[in-house]
Amino acid sequence: MTETAIFAAGCFWGVEQVFRDTDGVVATEVGYTGGHVENPTYEQVCRKSTGHAEAVKVEFDPALVSYEKLLEIFWASHDPTQVNRQGPDVGDQYRTAIFTVNDAQREAAEKSRAAEDASGRHARPVATKIEPLGPWWRAEEYHQQYFEKKGGGACAIHR
């Protein structure tokens, strides 16, 4: 039996690839969540008028990789102190957020965020928001597994 986790950490192409390369991850999907527009398009999200974040849905086998391990990967894969941006990508769609699907995930995410903030790894406070998952909107097909289709590496992250 698998579980689902949702993470937003900037451009979803690179975030998806980081999780796809993780043992125990069964599937990934990029999409939009956290906003107020139904069935948004990429163009609408890029106009910064929907409130949605570019996010990655991670389906994982908890017997092979824990939610806590996925949180560690999330923290290591981006700069969680940047507000509404990651590196050169600016806008609320690039915000750092964890969208939880149940109370256990919320509790684990809050504990993990507190530990990350207290770790001394960052000169600024961790800005990552933890929110319950609302509606999930799958991104257009050309965004799915983008680097596998087009080649290239992960998006540049500037800390």
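Leaving out its neighbours within four places in sequence, serine 112 touches Leu71 and Trp75. Contact here means heavy atoms within 4.5 Å. Serine 112 sits in helix 4. Its relative accessible area is 17%, so serine 112 is buried. The classes are buried under 20% relative accessible area, exposed over 50%, and partly exposed in between, with a 1.4 Å probe and protein chains only.

The model is predicted: local features need pLDDT of at least 70, side-chain atom pairs count only at pLDDT 80 or more, and totals for chains, interfaces and linings use all residues. Residues are numbered from 1 along each chain as its sequence is written, and side-chain values use heavy atoms, with hydrogens and water left out.

Two packed helices are described by the angle between their axes and the distance between the axes. Helix 3 (residues 67-76) packs on helix 4 (residues 103-118) at about 40 degrees, and the axes are 10 Å apart. That angle makes helix 3 oblique to helix 4. Under 35 degrees counts as roughly parallel, over 145 as roughly antiparallel, 65 to 115 as roughly perpendicular, and the rest as oblique. Axes are lines fitted to C-alpha atoms, for helices over the stretch in contact, and angles run from 0 to 180 degrees between N-to-C directions. The crossing of helix 3 and helix 4 is right-handed, meaning that the near helix is turned clockwise from the far one by less than a right angle. From helix 3 come Tyr67, Glu68, Leu71 and Trp75. They meet Gln105, Ala108, Ala109, Ser112, Arg113 and Glu116 in helix 4.

Alanine 118 also belongs to helix 4. It counts as exposed, at 67% relative accessibility. Alanine 118 and valine 25 are 93 residues apart in sequence and 28 Å apart in space, C-alpha to C-alpha.

Next, the sheet. Helices (H or I, at least four residues) and strands (E, at least two) are DSSP runs, numbered from the N terminus. An open sheet is formed by 6 strands in the order 7-6-1-3-2-8, with mixed pairing. Its edges are strand 7 (129-132) and strand 8 (137-138), each pairing on one side only. Two strands pair if DSSP finds at least two bridges between them. Strand 6 (residues 96-100) runs parallel to strand 7 over 4 bridges. Isoleucine 98 stands opposite isoleucine 130 in strand 7. Helix 1 (residues 12-20) lies across strand 1 (3-9), strand 2 (25-33) and strand 3. Its angle to strand 2 is about 160 degrees.

What about the loops? Lysine 48 is in the loop between helix 2 (42-46) and strand 3 (53-60). Its phi is positive, about 60 degrees, although lysine 48 is not a glycine. At 44% relative accessible area, lysine 48 is partly exposed. Beyond its neighbours within four places in sequence, lysine 48 contacts Val90, Gly91, Asp92 and Gln93. Lysine 48 and valine 90 are 42 residues apart in sequence and 9.8 Å apart in space, C-alpha to C-alpha. Asparagine 84 lies in the loop between helix 3 and strand 4 (85-86). Asparagine 84 has a positive phi of about 55 degrees and is not a glycine. It is partly exposed, with a relative accessible area of 32%.

A disulfide is a pair of cysteine sulfur atoms within 2.5 Å. The count by this rule is 0 disulfides. Cysteine 11 is buried, at 11% relative accessible area, whereas cysteine 46 is partly exposed, at 28%.
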